[in-house]
Amino acid sequence: MVKKVLIANRGEIALRVLRACKELGISTVAVHSTADNTAMHVRLADESVCIGPPPARDSYLNIPQIVAACEISGADAVHPGYGFLSENARFADILEAHNVTFIGPTADHIRIMGDKIEAKRTAKRLGIPVVPGSPGAVTDDDEALKIANDIGFPVLVKASAGGGGRGMKVAHSAGDLSNALATARAEAGSAFGDDAVYLEKYLQKPRHIEVQVFGDGAGNAIHLGERDCSLQRRHQKVWEEANSPALDDAQRARIGSICANAMSELRYRGAGTIEFLYENGEFYFIEMNTRLQVEHPVTEAITGLDLVHEQIRVASGQGLSIKQSEIQFAGHAIECRINAEDPKTFAPSPGEITHYHMPGGLGVRVDSGVYQGYKIPPFYDSLIGKLIVHGRNRAECMMRLRRALDEIVVDGVKTTLPLFRDLVNNPDIGTGDYDIHWLENYLAAKATD
């Protein structure tokens, strides 16, 4: 087992990793920018190292500074959390060169899945169902038009190196395609330094379903069921649940087995999430995230398995702690991402939290790195916490979520809590009848009321 873990992240995920390490008796090192001097994970870590000023490029994305922090502290492993350097293959390579364990997959697997075109080719080769589309990047508009006509409009133009909805445009007809290509290429080049784009069939009312997988790097792999992440705004997840209200046990087992078998063949190491669009009973691969997901707690709730413990165990060469036949799914779980944002405009709302109270009780968990008196800096993602509830079934889970949302107090900044208080009482959400467009349509309708 690794002995000292440097946590190359901030906020709630840094605290989440720190807690897992403490449970395992592993020493922790918190790195932080000058803006995060008073962050909770910095206060609780065994050691802390300041790695630069607030801009992420000068601190949390500064590889030389993080490597130096490993050398100063004697950390023999790095947990990257999510975001920042968690899917940076060069970072994984550099750590390996310095004899520091990267708690994640191999650099080669990060590269393969980080390139959306190569990821799609790999998924198809491994037997994972994919969305119809171009076999690779499209560089010629006439070629793109031919492919679009073959797969049928509407089509989605996507950045090969993309994520978070950037470099993604819909063309509803041949007349829209040229402008969609130009706009997506410009956005992709600006955001990722790579303007390569490809085409996919645009599904009309799909759900976003993702499968949690784990591999030991030696050919053994398991799946931990699926999460439904269809409630999104601008391609950013807002509410996640497990299991999906749209799937039955047979569908769940089928797609889970496909994903686990694929990871076994790939000899994948560590945690990963294979994401799909799901429509009319069919799954279509869109991407794979080679890291821990923000929404991993809902999987932990229904399986009882600590995913960070499992990451550390696999990275230490101890293999998986559980076999597929031993995994049991119990009940239902929902996560709400609480952001420091205006609930109407979604503009960030940094500032000091003047009053703070989180709910408790059976089946209620809160992952958050903030506290009363904490000043939310304006430099980073606006996520300040995650409310996770678990019940014996979805009805009990919704009941518990409603009660928990009534208990939360966060004053001094605006948050997205009013949105969740609306959603938990909406009939469509109550029945689980929603798709990836539902939330944006709901918000647009509310704006005109």
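## Second largest pocket

In this predicted model, helices H13 and H15 each supply at least two residues of the lining of the second largest pocket. The pocket holds about 210 Å³ of space.

Its lining consists of Pro 343, Lys 344, Pro 418, Leu 419, Asp 422, Leu 443, Lys 446 and Ala 447. By class, that makes 5 nonpolar and 3 charged residues, with no polar ones.

## Helix H15

H15 spans residues 438–447. Four of its residues are buried: Trp 438, Leu 439, Tyr 442 and Leu 443. Viewed down the helix axis, the buried residues fall within an arc of 125 degrees, so they line one face of H15. Asn 441 and Ala 447 sit on the other side and are exposed.

The cover over the buried residues includes two strands, S10 (221–233) and S11 (236–242). Helices H13 (417–423) and H14 (427–431) are also part of that cover. Leu 443 is buried and lines the pocket. Ala 447 is exposed and lines the pocket too.

## Ala 159 in strand S6

Ala 159 belongs to strand S6, residues 155–163. Its relative accessibility is 5%, so Ala 159 counts as buried, the cut-off being under 20%.

Leaving aside residues up to four places away in sequence, Ala 159 touches Lys 116, Arg 166, Gly 167, Ala 188, Phe 192, Ala 196, Val 197 and Tyr 198. Asp 249 is 90 residues from Ala 159 along the chain, and their C-alpha atoms are separated by 34 Å.

Technical notes. Residues are numbered from 1 along each chain as its sequence is written. This is a predicted model: local features need pLDDT of at least 70, side-chain atom pairs count only at pLDDT 80 or more; totals for chains, interfaces and linings use all residues. Side-chain values use heavy atoms; hydrogens and water are left out. Buried means under 20% relative accessible area, exposed over 50%, partly exposed in between (1.4 Å probe, protein chains only). The arc is that of the directions from the helix axis to the C-beta atoms. Contact means heavy atoms within 4.5 Å. On a 1 Å grid over the protein atoms alone, a cavity is a set of points where a 1.4 Å probe fits but cannot get out, and a pocket is an open set with protein on both sides within 12 Å along at least five of seven lines; lining residues have an atom within 4 Å of a point. Grid points are joined across faces, edges and corners, and a volume is the space filled by probe spheres set on the points. Ala, Val, Leu, Ile, Met, Phe, Trp, Tyr, Cys and Pro count as nonpolar, Asp, Glu, Lys and Arg as charged, and the others, Gly among them, as polar.
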